[in-house]
Structure formats: structure tokens, C-alpha cells
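Dear colleague,

Please find below the structure that I am handing over to you. My notes on its sheet and its surface follow.

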Amino acid sequence: MSAQLTGHHEQAPEHTPEHAADNRQRPPVVVIITLLTALLTVLLIAFAWPAARSEPRDVPLAVAGPPQAVAQVEKGLEQAMPGGFEITAVPDRAAAVQLIEDRDLYGAIVLDPQQPEVLTASAGSPAVAQILTQLSTRLSPEAPAKVTDVVPLPADDPRGAGLAAGALPLVLGGIIAAALLTQLVKTGSRRMVGAIGFAITGGLALAAVLQFWLGSFEGSYWGNAGVIALSIGAVSLTLLGLEWLFGRAGLALGAAVMMLLGNPLSGLTSAPEMLPSGWGALGQLLPPGAAGTALRSVSFFDGAGAGRPLVVLGCWLAAGLVLCALGALKSQRVVHPRHEANPATV
């Protein structure tokens, strides 16, 4: 009888160690919602804050004319946009044009008694060129100032939309390359070869689309492709090295820096001097910002002003190679003790 009664009892479900571990690894729904909300908020701040706070901050600008008139214009600009411009007095229009073409200035004001002239360089920054064009109406109420675009953007892309939109593919290309290579390629050396090969082919492809199809680039195709390839290689090799050393956490941290800091602070949609104080300078030390500045210089200014951003990209590329080398040394230290502990039998 007791056996029959015992037989009627339902057996409790077995809790295997795998099931217990699976239950421990799943966080509560509230925690997941909180993390997703925090991530969404960070993304909004990263991309919207620089754009919402975009305004001139010490934008290099020249004024050509008599000293008294230059001082008067400088005072007027300070009243109109406090701290917006860093004024350089130049002797004449030719000197101002030379400084603009050398990428030392974003524009200039030429105080001609007959008709004032505002010089812009939309290829250097469409946003700054637009601000200077708006200021031209305030220079001389009697005779509107003439506006001359010294270094214009291509006729096929007069707003520079292609270059601004190209910042995201540059960053994503390096991130996706690093992520896929770590998943699909076993050895670290082959991953590095893959990253370098992809940087070259990606640079050639993106430059071809932007220059020959969209018409967003001018100048040397090979120079533009080289800058893009250097940027993709710098990002992908750095992320590969971080993953090699610190695992997925290193890859995630590197990708977050490139995406959440590098892309919004690149200044490609405006100018580094248009971003909140200090952040524009930081953006120029990251691959997306350096790549954007180098591309503008190589494509529109015959390479003027490209030295510093190319050095920044070169340093990131070198840092990526060093990280990969350190990752290789770490792998050797892990492999060798295993071989010593399990020597091959003869």
C-alpha cells in the first residue's frame, strides 16, 4: 500500500548543474531594461550633444585693412559672437587667400573702402562658411559685402554631405573588420593580414564611390584612398590588439571609444572649432577626426595641413601593431607552459 501511495507521487524535476548555471546567468528583466535605457541615453548624448552645442569657438579668421578698421571689426565680431573668432591681421587680400589655402584660416574679411569682401572656404568647413556668409550682411549696411568662396566644395556635392556621411563607414569598417576577424580567423597573424588587406581594399572602394560616383572628393584618388585605408587600418588593428590582450572586453571598450567619442567629435559635419571647448581637440587625436581633417587637406587643399592628422593616424596604426605584438607574446606564454606540462612522448 505504501508502495502504491509512493508511486502516485510526482517526481520533482531534476535540476542539473547546467540548468542552475543558466538560471544564474540571466539577469532580471528590470536590470536589462535599465541597462538598455542607459545605453540609449549614452548614445543620444554622444551624438546629439556636440551637434546641439555647435557654435564658433576661436575659429581662425583674418581681417585685412587699416589697423583702426581691423580693430573695429574685431570688436564688432566679439560683440556678435563672444569668443567665436581668433582674429589675425593681414596686410592685404593676397595674404589672406594664401593663409586660407594653407589651412591656417577658415576665412577672411577684406575691408575694401569700395566694397568689403568676405572670403570663405566651404571645402574646409561648410558650417563656418555659412556663418561668415551671414556675417557679411552686417559689415556694410550701405553696400553689401561680396562673398568669395576661395576653396569651394565640388559642384556635385556643394554641401559636403558625402564627406560628412563617410565618417560613420570609416569607423564601422574598422570595428566590423576586427569583430569578424576575431570570430572567423583562428590565428592572430592571419587576422592582422586580413585587417591590413581589408583596409587597402576598403580604402580603394570607399574613395572610388565618394570621388567617382558621388563627386564628393577632388584631388588625387590614390591620396584619398590612402588616407581612408590608413584610418580603417588604424581602427581595426587597434581593436584586434585590444581583443588579443583583453578578450571581448577590450574589443568592446575600443569600439565604444571609436564610435561614441571618435565619430561625434570628428568635426566632419562642422569643424573642430565648432565643438564644445576641448572636445574638438580631443576628437582630432582619434582616428575619425584625424581622418576627416586629412581627407579635407588631401582632397581640396593639395595636402596643406595634412601633416598632423596623418601623424595621428600613423601613431594609432603603430599602437595597433604594438598591441597585436603584445597579444602574440601573451599567447606564447600561455601555450608554452602547456607544452612543458604535457611533453610529447617518443
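Two strands are taken to pair if DSSP finds at least two bridges between them. The model is a predicted one. In it, strand β1 (residues 59–64) pairs with β2 over 6 bridges, in the parallel sense. Within this pair, L61 has I87 of β2 as its bridge partner.

These two strands belong to an open sheet of 5 strands, whose order is β2-β1-β3-β4-β5 and whose pairing is mixed. The edges are taken by β2 (85–90) and β5 (146–149); each has a single partner strand, so one side of each is left without a neighbour in the sheet. From one strand to the next, the twist averages 20°.

Helix α6 (residues 126–139) packs on the sheet and touches β1, β2, β3 (107–110), β4 (117–120) and β5. The direction of α6 makes about 175° with that of β4.

Turning to the surface, I45, W49, L261, W279, L282 and L285 form a nonpolar patch there, and their accessible area together is about 490 Å². The elements that contribute two or more residues to the patch are α3 (29–52) and α12 (279–283).

Which helix holds L261? This residue is found in α11 (residues 248–262). Is L261 to be classed as buried, partly exposed or exposed? Its relative accessibility is 31%, and therefore L261 counts as partly exposed, since that class lies between under 20% for buried and over 50% for exposed.

With kind regards

Technical notes: Residues are numbered from 1 along each chain as its sequence is written. This is a predicted model: local features need pLDDT of at least 70, side-chain atom pairs count only at pLDDT 80 or more; totals for chains, interfaces and linings use all residues. Side-chain values use heavy atoms; hydrogens and water are left out. Patches are made of residues with over 30% relative accessible area and no salt bridge: like charges are joined within 9 Å, nonpolar side chains (Val, Leu, Ile, Met, Phe, Trp, Tyr) within 5 Å. Accessible areas come from the Shrake-Rupley method with a 1.4 Å probe; for residues, only the protein chains shown count as cover. A salt bridge is a side-chain nitrogen of Lys or Arg within 4 Å of a carboxyl oxygen of Asp or Glu. Helices (H or I, at least four residues) and strands (E, at least two) are DSSP runs, numbered from the N terminus. Buried means under 20% relative accessible area, exposed over 50%, partly exposed in between (1.4 Å probe, protein chains only). Axes are lines fitted to C-alpha atoms, for helices over the stretch in contact, and angles run from 0 to 180 degrees between N-to-C directions. Contact means heavy atoms within 4.5 Å.
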